[in-house]
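Let's walk through this structure together, one piece at a time. Keep the picture open as you read.

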Amino acid sequence: MNQDSHSFAHDHNKAKLIRMAKEIADFFHAYPQDQAVESIAGHINKFWTPKMREDFLAAAAEPGLSLPPLVSAAREKVRRRKAG
Amino acid sequence: MSLIKELDYGTPIRIAEKEVSLTIDGEKVSVPAGTSVMAAAMTRGVKIPKLCASDNLEPFGSCRLCLVEIEGRRGTPASCTTPAEEGMVVHTQSEKLARLRRGVIELYASDYPRDVLTSAGGAEFLDAAAEVGLREVRYGFEGANHLEDAPDLSNPYFAYDPAKCIVCSRCVRACEEVQGTFALTVEGRGFESRIRPGSTDFINSECVSCGACVQACPTGSLIEKSVVAQGMPEHSIVTTCAYCGVGCSFKAEMRGEELVRMVPYKGGQANEGHSCVKGRFAFGYATHKDRMLKPMIREKITDPWREVSWDEAIGRAASELKRLQAAYGRESIGVITSSRCTNEETFVLQKLARAAFHNNNVDTCARVCHSPTGYGLNSTLGTSAGTQDFKSVDEADVILLIGANPTDGHPVFASRMKRRLRAGARLIVADPRAIDLVRTPHVKADYHLQLKPGTNVALLNSLAHVVVTEGLVDEAYVRARCDLEQFDAWARFVASQKNSPEEMEKYTGVPARDVRAAARLYASVKNAAIYYGLGITEHSQGSTAVMALANLAMATGNIGHVGAGVNPLRGQNNVQGSCDMGSFPHEFSGYRHVARDDVRGSFEKYWGVTLDDEPGLRIPNMIDEAIEGNFKGLFVQGEDIAQSDPDTQHITAGLAAMECVIIQDLFLNETAKYAHIFLPGCSFLEKDGTFTNAERRINRVRKVMAPLCGKDEWRVGVELAQAMGYEMNYNHPSEIMDEIAALTPTFAGVSYRKLDELGSVQWPCNDQAPEGTPIMHVDRFVIGKGHFMLTEYVPTRERSGPRYPLILTTGRILSQYNVGQQTRRTDNVLWHLEDVLEIHPFDAEQRGVVDGDLVSLSSRVGDTTLRAKISERMQPGVVYTTFHFPGSGANVVTTDNSDWATNCPEYKVTAVEVRRVNALSSWQERNALEDATMRKVLEASPDAAE
């Protein structure tokens, strides 16, 4: 296997979650901004496990990471794992 | 038990508003106008002798056995070709008729083998001879005859013995009218006329081995080789095929516990007596020597397998899963259900995860095929299923077939579709590849929109653009049925210039004028039907494309009536059912989210356990988490993710990282190489349960032989739950269905009793629709108003370029089925012994590749080696292969790109390069080595087996 291609296919889990969030945002991009932000966060809350959401939030908070505005706004509405 | 014999009216009973009344043998009979005298007689139980007639074929009038007398008419007309008329008085029996019929059959008999030992399967001919009282053949048997004609034994499943043929043409007509292949013909004239499969033998002909000709043959000239070998069956049981999503009903015809043949059941509402080569003949895998019939365990995946008792295997599975949860947490284990298993088995397995594992880590192989259908149709129409029954296509005026290849993937439905097309319906095919339906005997698509892989959404938006900008919207329908605010937003969106066919042509490669013409055709008729398959769903925009299809259908008023609709052609027998049963990690049966307190509460009350209100892991997430070290134990029932899922090396790395992989299957499949516990499964012949097909039809699966492994498959999930400390108690799968009905509103009216009474039902089946729902959304959408969704085209990130200049797309073919576990273990390999790479002559020439060359197929994630097949079905720049053989490694090349909404893999678009080589890839060499080392089984110890 081509080693330099490995990272393309096997993104680290957190990088993959960021990528997935961007792809969700690409779909809702056609909608008005408020609706798009709600829908992106709603999709993640509905289909991702609590751990995936936590991993995503941690990855999204990493310094230097540039997120599309819609993803950045939606991140505020992603539900955190319940305590306990 | 006895053999089920279906009533044959001889000719079709016509559908007509007007009835005609006539008298047959002194009895008054009323039938729809256009019905033949023969069929009219049969409605009163009067069977007129016949040989060339069958009620699945148009009347032909060649055998001259069904003669009758009609008062006021001269001569003795054939009852099969004479329509019943008002006031007609018919006599089916007289001395003259008896003499004539005896004379006819006497002539046939004079050229028919006398050796009774060779008469297997000729029951209809022998019965007819008995019916007319034939006692002697006055002409002797020494004259000119066909008794020495050489038989054609080339087909692996049936033989053709011309000596027994009376040239009644039933086989020729069945091939034309029922199957639509036109492979058979009558060659020669008069006494010289013989049935031929073209100018060659059967195996090399156009014949697709559907078996329609064999079923039609009244003389045993065409006969199943299994009947010749095993003798005539003595009893039969109706059950449901376990191959594709058409869900054909079959009579399993048996001798004792031995299956002799599978004969399509005329009363089956999905197939109405037709079949394909897989369901009809490819059942040998069920008793193949490779079947694993004993539970086995091993410590490490490099150890040989050791046979153990069921108790030990289930005990080990339970203790390992409990250990993993104690060590790594509640969410460290999960299950994968299978679309090859019954609804009841699937329901038990998802219950195992939710109630015994106390998490929602359950997913199903629909993840990698039709999960976008569930998401897309639910978002627009409000339910995760197709809208029609198969019969609906009989009234379609225009068919838009996109991303589906029904003649290979859903052959029995394809025959029905071809029948409608031959009757005049128009056809638009949208596919990167020139599939058979683009041009096949007596069928030619009006438009073949040969788009580039990955551009479905661009094409669908441009079709919608034409509908909206050229005033083709069904405004009355939209106003009455759909959310107008959403419609307005959608109409503005698709009407923008960027979505015009002219703008989108640069992405799709489809000439704008063809898109415009196709859109006008689709929108111009009362009944336009959409049929689609994995060519829509298996993309990074799979869900978007499904929504775009639903938008198009709603805008043109094509949902809620016969002949129209949005119809997913499901890949496997129970894809619909496995999704219905709550196999997805975010929802319970009936597509209700786990976060809904009311729904969860009903399950908690019934199951007596607190349930998780958060979604669980999907299959790709399970693998990712395994590689990260967080997911440690997996129970896979009836699925082979190491072969079927994309980016094989990523999948196997995930499996190898787990501490306990449990496989339940018929065979030691590819995934089992990474397993620690193997639990033998049952073939569909050994099961009681139900499958739900692509038209939401719930069909019974009936056990025709005892489980070869000694345990019903549904019991395994139950016993594992019990061993983990959660009580499940059922005595029979019918009790599981009762629980499904109690907990699932769309199944509330389903029971085995009702299925036995009605044959099958299509959900929703409840108080509002006690006998089921053939067509959905008739007066209103299940969510009230139809939702238009905005479907912006977003190109896949998988792009061709200098290093990988071609695009690979994958699919399946007629004779093989998915990962090939079943069909590879049958004589179907005669038609397809290996996966090949189809490549356009231009691309081949540029690379110096000739037909049959070994070529390397490489992508950014891996490479494999296949044989090239030069094919003009492909467009330049696109190559195609199948994934039926594990050694071909098609999924070593596919990537982990996936649908944005569901993570359904993008199997249909992989950037690749092809070059000539003279050796297998390193993955293939390693895989071959692993085949030898990771499948070893120790000899059984004397006390191992139960």
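Start where the two chains meet: 22 residues of chain A are in contact with 24 residues of chain B. Here, two residues are in contact if their C-beta atoms, placed from the backbone, lie within 7 Å. On the chain A side, the elements that give two or more residues are α1 (6-9), α2 (13-28), α3 (33-47) and α4 (50-60) of chain A. The largest share, six residues, comes from α2(A). Sorted by class, this side of chain A has eleven nonpolar, six polar and five charged residues. For that sorting, Ala, Val, Leu, Ile, Met, Phe, Trp, Tyr, Cys and Pro count as nonpolar, Asp, Glu, Lys and Arg as charged, and the others, Gly among them, as polar.

A quick word on what you're looking at: this is a predicted model, where local features need pLDDT of at least 70, side-chain atom pairs count only at pLDDT 80 or more, and totals for chains, interfaces and linings use all residues. Residues are numbered from 1 along each chain as its sequence is written, while chains are lettered from A and ligands numbered from 1 in the order in which they are written.

Now look at chain A by itself. Its secondary structure comes to five helices and zero strands; helices (H or I, at least four residues) and strands (E, at least two) are DSSP runs, numbered from the N terminus. Of the 84 residues in chain A, 36% are buried, meaning that 20 or more other C-beta atoms, placed from the backbone, lie within 10 Å of the residue's own. And if you take the contacts in chain A between residues at least 6 apart in sequence, 72% join residues at least 24 apart.

Over to chain B. An automatic or database domain assignment gives domain 1 (296-369 + 574-686 + 698-747), domain 2 (371-568) and domain 3 (806-933). The centres of domains 1 and 2 of chain B, taken over C-alpha atoms, are 36 Å apart. Six residues of domain 1 of chain B are in contact with seven residues of domain 2 of chain B.

Finally, find helices α13 (residues 456-469) and α19 (residues 542-555) of chain B, which pack at an angle of about 15° with their axes 9 Å apart. Axes are lines fitted to C-alpha atoms, for helices over the stretch in contact, and angles run from 0 to 180 degrees between N-to-C directions. That makes α13(B) roughly parallel to α19(B), a label for angles under 35 degrees. Their contact has ten nonpolar, four polar and no charged residues.

How values were computed. Parallel < 35°, antiparallel > 145°, perpendicular 65-115°, else oblique. Buried ≥ 20, exposed ≤ 12 C-beta atoms within 10 Å, placed from the backbone.
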